[in-house]
Amino acid sequence: MKKYIYLISPQKIRGNSFYKKLNEVFKTKKVKYFQLRLKEISTFKLLKISKKIKKITERHGVKFLINDNPVVAKIINADGCHLGQKDMNLNTSRKILGKNKIIGITCHNSKKLAINAKKQYANYLAFGSFFKSATKKTAPKANLKILHWAKKKINMPTVAIGGINSSNYKKILLNGADYIACSNYIWNNKKLDPVSAIKKFK
């Protein structure tokens, strides 16, 4: 079975219950990548949380990426990092992480950004936001055409991001995305716990 879920952490991680939930979610064998995305947090705290998560990702064979922070990714020997357009540039990140690590890059809805990322040897491209996102309220909109274009012209793994849930994800996959990123639908779902939410992706 192809794993197509790129899971992003909740915006805040407090207490130990999160790690238990994460372990249960990974047991469903649906997650390919897990991105730790915590803003405004000390490096010390980020390292502490990252080390705990790394043990869980390793146990389940999930690729572990750190958002915006190649240095922390290097220290804990994560599988790689994800970069936004305002973060450290790809070449510098590559020097820190080495050539065998995964570096993904946010391309919004831009062909130009995608072409540049390919030239700089990114490992995957993230496009979005495809739907209204509670995580990034001001995110630029993306349309399905960019996925078709990337499939044809770029031929690299693509991640679709932004407001994706169990009722709209098939449309995204059918239009050429390799992976779907989800966060809010899993962690902040008012009706379903994280395991039940992830099981809705068939």
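The legends below describe close-up views of a predicted model. Local features need pLDDT of at least 70 and side-chain atom pairs count only at pLDDT 80 or more, whereas totals for chains, interfaces and linings use all residues. Residues are numbered from 1 along each chain as its sequence is written, and side-chain values use heavy atoms, with hydrogens and water left out.

**View A. Helix 1 packs with helix 2.**

**View B. A salt bridge joins the side chains of Glu24 and Lys27.** A salt bridge is a side-chain nitrogen of Lys or Arg within 4 Å of a carboxyl oxygen of Asp or Glu; the count by this rule is four. In this pair the N to O distance is 3.2 Å. Both residues belong to helix 1, three residues apart, about one turn of the helix. Glu24 is partly exposed at 36% relative accessibility, and Lys27 is partly exposed at 47% (buried means under 20% relative accessible area, exposed over 50%, partly exposed in between, with a 1.4 Å probe and protein chains only).

**View C. Asp68 and Lys39 form a salt bridge between two loops.** Their side chains meet at 2.5 Å, N to O. Asp68 lies between strand 3 (63-67) and helix 3 (70-75) and Lys39 between strand 2 and helix 2, so the pair ties together parts that are 29 residues apart in sequence.

**View D. Lys151 forms a salt bridge with Asp178.** The closest N and O atoms are 3.4 Å apart. Lys151 lies in helix 6 and Asp178 in the loop between helix 7 (169-174) and strand 8 (179-182), so the pair ties together parts that are 27 residues apart in sequence. Asp178 counts as buried, at 17% relative accessibility.

**View E. A cis peptide bond joins Gly128 and Ser129.** Its omega is about 15°. Ser129 is in the loop between strand 6 (124-128) and helix 6 (144-154).

Methods
Axes fitted to C-alpha atoms, helices over the stretch in contact; angles between N-to-C directions. Helix = DSSP H or I, 4+ residues; strand = E, 2+ residues; numbered from the N terminus.
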